Amino acid sequence: MKINGIGVTSPDQEMKIINQGMVRIGGDVLGAFDDEVITALANTQDLIGAVLRVHFCLEEFLNIWCNKVTDNKDFFYFGFIGFDKKIQIAVKLGLPENLSIIFKLFNSIRNKYAHDTSAKITIEQLNDIRIKIDSLPNFGTQPIPKCNDPLFKTPVGDKILSWNGINISTKDRIVFLYFVFSMKILGAYVAEFHKRGISFNYAR
């Protein structure tokens, strides 16, 4: 499974992608899968830069939810709304709670760096996010394995990452978690919007 050429995959899924052709993600979720941002996220060695880019992409997912549910092109046009408030508004508009909890966990990491650039992200924090991502349901025809499955790998930049891989950095784990979470968000959005009779296109 890849995000516009970069993403998460297991060997058997990789062969299916090669055989079937890669889907370019865009449409209604283009803002969350901007090529420049995703490429920079994959290639950066800067932890703070990765955290900020992940935060930007997740905020776009909140914007997308609120825009689609309210049938607005720009629901938040009226001025600055903080990320935490956007989560609350999205939940009021029906965003599943199991997604909102993970949005909040990523936001807490971003907020740590906003107030202290020397802050440390612990493996316990990352594992908390990982476990909650793993507990999300799969909606696609190809289930996403658990993040710490040793067969579950992602090509990121010039590296192949797995959760317990040799020399995997905190930055790599943040990116890994975001890629997996973004795919689960996408699956949840497809299912939720279908239930509501809301049109939703995620392919270019």
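Guide: Isoleucine 160 counts as exposed because its relative accessibility is 59%; with a 1.4 Å probe and protein chains only, buried means under 20% relative accessible area, exposed over 50%, and partly exposed in between. The model is predicted, so local features need pLDDT of at least 70 and side-chain atom pairs count only at pLDDT 80 or more, while totals for chains, interfaces and linings use all residues. Residues are numbered from 1 along each chain as its sequence is written, and side-chain values use heavy atoms, with hydrogens and water left out.

Isoleucine 160 sits in strand β4 (residues 159–161); helices (H or I, at least four residues) and strands (E, at least two) are DSSP runs, numbered from the N terminus. Setting aside neighbours within four places in sequence, isoleucine 160 is in contact (heavy atoms within 4.5 Å) with Lys153, Thr154 and Pro155.

Leucine 58 is a member of the largest nonpolar core, which has 60 residues. Such a core is a set of buried Ala, Val, Leu, Ile, Met, Phe, Trp, Tyr and Cys residues joined through side-chain atoms within 4.5 Å. Leu58, Phe103, Phe181 and Tyr189 touch the most other members. At least two residues of this core come from each of α2 (35–43), α3, α4 (83–92), α5 (97–115), α6 (123–134) and α7 (170–196). Helix α7 gives the most, 14 residues. Apart from neighbours within four places in sequence, leucine 58 is in contact with Phe83, Phe103, Phe106, Tyr178, Phe181 and Ile185.

Phe106 also belongs to the lining of the largest cavity, together with Val51, Val54, His55, Ile109, Arg110 and Ile174. On a 1 Å grid over the protein atoms alone, a cavity is a set of points where a 1.4 Å probe fits but cannot get out, and a pocket is an open set with protein on both sides within 12 Å along at least five of seven lines; lining residues have an atom within 4 Å of a point. The largest cavity holds about 50 Å³ of space, a volume being the space filled by probe spheres set on points that are joined across faces, edges and corners. Helices α3 and α5 each supply at least two residues of its lining.

The charged pairs come next. The whole structure has seven salt bridges, each a side-chain nitrogen of Lys or Arg within 4 Å of a carboxyl oxygen of Asp or Glu. In one of them, aspartate 28 pairs with lysine 68, with the closest N and O atoms 3.2 Å apart. Aspartate 28 lies in the loop between α1 (11–20) and α2 and lysine 68 in helix α3, so this pair ties together parts 40 residues apart in sequence. Lysine 68 counts as buried at 18% relative accessibility, whereas aspartate 28, at 31%, counts as partly exposed.

Another salt bridge joins glutamate 59 and lysine 86, whose closest N and O atoms are 3.0 Å apart. Since glutamate 59 is in helix α3 and lysine 86 in helix α4, the pair ties together parts 27 residues apart in sequence. Lysine 86 is buried at 7% relative accessibility.

Within helix α7, glutamate 192 and arginine 196 are four residues apart, separated by about one helical turn. Glutamate 192 and arginine 196 form a salt bridge with the closest N and O atoms 2.6 Å apart, and a network of salt bridges links Glu192, Lys195 and Arg196.
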